[in-house]
Amino acid sequence: MSYSLTHLRELEAESIYVMREVAAQFQKPALLFSGGKDSIVMVYLARKAFWPAKIPFPLVHIDTGHNFPETMEYRDWLVKEMGATLIVGSVEDSINRGTAVEERGLNASRNALQTVTLLETIESNKFDACMGGARRDEEKARAKERFFSHRDEFGQWDPKNQRPELWNLFNGRKHIGEHFRVFPISNWTEMDVWQYIYQENIPLPRLYFAHDREVIERDGAFISTHPEWVKLRPNETAKTMHVRFRTCGDLPITGAIESDADTVEKIIYEVATTRVTERGNRADDKRSETSMEDRKKAGYF
Amino acid sequence: MEHLVQDGKFDHHGYLNMELLRFTTAGSVDDGKSTLIGRLLYDSKSIFQDQLEQIEQTSKNRGEEYVNLALLTDGLRSEREQGITIDVAYRYFSTPKRKFIIADTPGHIQYTRNMVTGASTANLAIILVDARNGVVEQTYRHSFIASLLQIPHVVICINKMDLVDFSQEKYEEVVEQFRHFASKLDVQDVRFIPISALLGDNVVDRSKNMPWYEGPTLMYTLETVHIGSDHNLIDCRFPVQYVVRPMSNEYHDYRGYAGRVAGGVLKPGDEVMHLPSGITTKIAEIKSLDGDLEEAYPPQSVTLILEDDVDISRGDMLVRENNAPKTGQDIDIMLCWMDDKKSLQLNGKYAIKHTTRDARCVVKEILYKVDVNTLHRIQDVDSLALNEIGRVKIRTTVPLFYDEYRRNRNTGSIIIIDEATNTTVGAGMIIE
């Protein structure tokens, strides 16, 4: 008799363990839900961790107001399916309150403003631990992130002053006003997430599957057109292409890829043969070589 | 991932049945550690085109002659500026046989705490030795940490063989040096491989320059080393992590004890004893959303339903009556100190975490500290500074249910926390 787990089962066990630690160590945890596949997998893992009880923390969505409609539709379906609680933090509200200022100029986006709304939502709900679906394989600055990542009273991350994390003993102690970001799927890769979706038969928003869409080519990425958020610039033309999205960020800054993959199996095949990282199509990471690290220090996801 | 694609199809079965191996690499820039990791990622085709283009560009901007594979493992900006690795960085790659997690740690003495951190979850350690210099102080230190943290498998890579003309004599000299020293250590499985990380000899592909070496390549070793027995499957240990109470009509009286199996194999019908009460009961069911399980073993996260109504909460432990862990408040540990602001204080009070149990402790005695370069014991010490390792007696506020670290890494490990700053300041391995 061999007592060994497959790597997906071992990763699942680790993530469930981390989520249970969060539920046990914190007073008011939350799960940050973006509508992307990683946070969807997180919700399914949370269901397993506490079943047959309901997920003992709310899903928090930071709504930029620039979401794909498919993301919103899926979010509302999932919340109902899980019997979960949803809390929405709105970037629009932050702008109206004057705490966030809309970017101007050609490449303006609401991506950076999410940080303001996120921190406001954490503060007003008194969340002391926010779980996110970030993975260490995504980006260089994330390779050194802890499972339990301590944030000071300003929500800042200090990469030089991280707590050592040993064995599976997670230290969630903090002072009043501080909080934690927790990353239960730290050790998963993009392929692991897809394989898990396949293995567990997890439904996804339609955006992930190949479909016809009107797009424009901008900085080497195909951006969905939109009557308000994505307008044609001089010398740009819109065309209809067969595309899908590898991540589900904001509509104006998330690039699609040309694809015929309309099932999870076909997507896995595509992921396995692709030679570009999934964030390679995100305009927000291309601003500078350290753009992710800079945003994380300021309190980004 | 291309390796899992054949004839236009993805090998799902293969992927879904892979094992996970966690390994640590300790070494300094000079040992070629980053080059070795870059080589493993590159030769296993785990690097994406845009990542490769990015490091090609950076190498070019810096005026370097070849693509610097070491850049793949540099994380934070300050590290890039200084050209050193200062933290633990985790890397991922896979081959058709296994998925790998690398805990990449710096090798200098001032980063001992990072090495200890990386080693704490590893199944295997790669220790790099420069063939030109042989076994040096740093080799002692890395091997001692691997032994202290009880990493089950150690692979000594004798690197830069290209710079010693691929000499078998030189290789055997280093092996002999290491064996002599390793007799003082507590490592179960040590292997030696002559490699050139720069040129790729014996990393993924067999070396044509060293026909005298008949052993496996590094990659083959990583893919095949037996890790099935790395967990303790003998002593049943189930630290209760969380009590699941649905409070719904459908599951009105349901009380599930959630946790990660820390040792042994649990089955429905097994008699278990609850600690601290000593009350015995039976496992009624092992629950999961995917259906009831017939058994549970490490490192599974499961939920147990017991036959009798026992008052159980987080921090308690379920064990076997005839194979219980030690229970006590006076514990001897090997302690690695990790705080750069304050040293460990004799008679100092700290918070601790052990399995799912929180407690406090007082440091009663510092027996000795270890010179990590020579393994000599230094007596008459009254504190431990950053990166120092010593044997310490603590007394805890409540009894802990523990095993020796070398018998069970899950029930034998403790972290020590400064109560003023809440920072993790020490990593303890229970001796007795």
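Student: How many residues does the contact take from chain A and from chain B?

Tutor: This is a predicted model, in which local features need pLDDT of at least 70 and side-chain atom pairs count only at pLDDT 80 or more, while totals for chains, interfaces and linings use all residues. Residues are numbered from 1 along each chain as its sequence is written, and chains are lettered from A and ligands numbered from 1 in the order in which they are written. Two residues are in contact if their C-beta atoms, placed from the backbone, lie within 7 Å. The contact takes 55 residues from chain A and 60 residues from chain B.

Student: Which element gives the largest share of the side of chain A that touches chain B?

Tutor: Helices (H or I, at least four residues) and strands (E, at least two) are DSSP runs, numbered from the N terminus. Those giving two or more residues to this side are α1, α2, α6 (190-200) and α7 (264-273) of chain A. The largest share, 10 residues, comes from α1(A).

Student: Which strands stand at the edges of the open sheet in chain A?

Tutor: The open sheet has 6 strands in the order β3-β2-β1-β4-β6-β5 (chain A), with mixed pairing; two strands pair if DSSP finds at least two bridges between them. A strand with a single partner has one side left without a neighbour in the sheet, so the edges are held by β3 (86-90) and β5 (148-151) of chain A.

Student: In β6(A), what is the bridge partner of A:Phe148?

Tutor: β5(A) pairs with β6 (residues 179-182) of chain A in the antiparallel sense, over 4 bridges. In β6(A), the partner of A:Phe148 is A:Val182.

Student: At about what angle does helix α2 of chain A run to β1(A)?

Tutor: Angles run from 0 to 180 degrees between N-to-C directions, with axes fitted as lines to C-alpha atoms, for helices over the stretch in contact. Helix α2 (residues 37-50) of chain A lies across β1, β2 (59-63) and β4 of chain A. Its angle to β1(A) is about 140 degrees.

Student: In what order do the strands of the closed barrel run?

Tutor: The barrel has 4 strands with antiparallel pairing. One of its pairs is β9 (residues 239-245) with β10 (residues 255-258) of chain A, over 3 bridges. The order is β7-β8-β10-β9 (chain A).

Student: How many residues of α6(B) are buried?

Tutor: A residue is buried if 20 or more other C-beta atoms lie within 10 Å of its own, exposed if 12 or fewer, and partly exposed in between, with C-beta atoms placed from the backbone. Among the buried residues of α6(B) are B:Tyr140 and B:Phe144. The helix is mostly covered, and the buried count is 11 of its 12 residues.
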